[in-house]
Amino acid sequence: MPFDPPASDLRFAGVSMPDASLRSSPNLLTGLRRGICRTCPACGQARLFGGYLAVLPVCAVCGNDNEQYPSDDFAPYVTIFLVLHLMVPFLFLADRTWAMSALFEVGLAIPVFLLATLALLPFAKGGVIGFAWAVGVTRNPTANS
Ligand SMILES: [Zn+2]
């Protein structure tokens, strides 16, 4: 039978316990800034992701449940919106400036779009999670009430 030490004993084992007093009150700009920086929206001190897009379920610093904020399809929508609005003007400018074949333009544009999308997606997902934290959107709305 495994032995689970009480929470008070974990402090002496060198493991720091999350401190809920480090959480700030929800604010839209704070949530967006912390999310885009890929940190916990509640405290801004711990990493939000454990991998490329895997959200750490519980903040190591403040103990906030970061997995409760949905970002399912909205983060890719935001990413596609940003990439298209950032890249399309350059495509038009390149088309008007240089005489490139259509095949070369497509061959150049697709990898650039792909890399820009993959680069922006974690920041967009963090921003969406920060937005959800700020406005109080959770997967289970009855859990916080
Ligand atoms: Zn936190």
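Mentor: Let us begin with a definition: angles over 145 degrees count as roughly antiparallel. Please also keep in mind that this is a predicted model.

Trainee: At what angle do α2 and α4 pack, and how far apart are their axes?
Mentor: The packing angle of α2 and α4 is about 150 degrees, and their axes lie 7 Å apart. The two helices, α2 and α4, are therefore roughly antiparallel to each other.

Trainee: Is the crossing of α2 and α4 left-handed or right-handed?
Mentor: α2 and α4 cross in a right-handed sense. On the α2 side, the contact is made by L28, G31, L32, R34, G35 and I36. On the α4 side, the residues include F123, G126, G127, I129 and W133.

Trainee: What classes of residue make up that contact?
Mentor: The contact of α2 with α4 has nine nonpolar, five polar and one charged residues.

Trainee: Turning to α3, how does that helix pack with α4?
Mentor: Helix α3, residues 74–97, packs with helix α4, residues 102–135, at an angle of about 145 degrees, and the axes are 8 Å apart. The crossing of α3 and α4 is right-handed.

Trainee: Which residues meet there?
Mentor: From α3 they include F74, V78, L82, M87, L91 and D95. Their counterparts in α4 include E105, A109, F113, L120, K125 and V128. By class, the contact of α3 with α4 has 17 nonpolar, three polar and three charged residues.

Trainee: Where does α4 have a kink?
Mentor: A kink of about 35 degrees lies at L121 in α4, shortly before the proline P122.

Trainee: And which residues of α4 are buried?
Mentor: The buried residues of α4 are A124, K125, G126, G127, V128, I129, G130, F131, A132, W133 and A134. α2, residues 28–36, and α3 are among the elements that cover them.

Trainee: What happens just after α4?
Mentor: G136 takes a positive phi of about 80 degrees there.

Trainee: What percentage of the residues count as buried?
Mentor: Of the 145 residues of the protein chain, 21% count as buried.

Trainee: Lastly, what percentage of the contacts join residues at least 24 apart in sequence?
Mentor: Taking contacts between residues at least 6 apart in sequence, 62% join residues at least 24 apart.

Technical notes. Residues numbered from 1 in each chain as written. Predicted model: local features only at pLDDT ≥ 70, side-chain atom pairs only at ≥ 80, totals over all residues. Axes fitted to C-alpha atoms, helices over the stretch in contact; angles between N-to-C directions. Helix = DSSP H or I, 4+ residues; strand = E, 2+ residues; numbered from the N terminus. Left-handed = near helix turned anticlockwise from the far one by under 90°. Contact = placed C-beta atoms within 7 Å. Nonpolar A, V, L, I, M, F, W, Y, C, P; charged D, E, K, R; others polar. Buried ≥ 20, exposed ≤ 12 C-beta atoms within 10 Å, placed from the backbone. Bend = angle between axes of the 7 residues up to and from the residue. Parallel < 35°, antiparallel > 145°, perpendicular 65-115°, else oblique.
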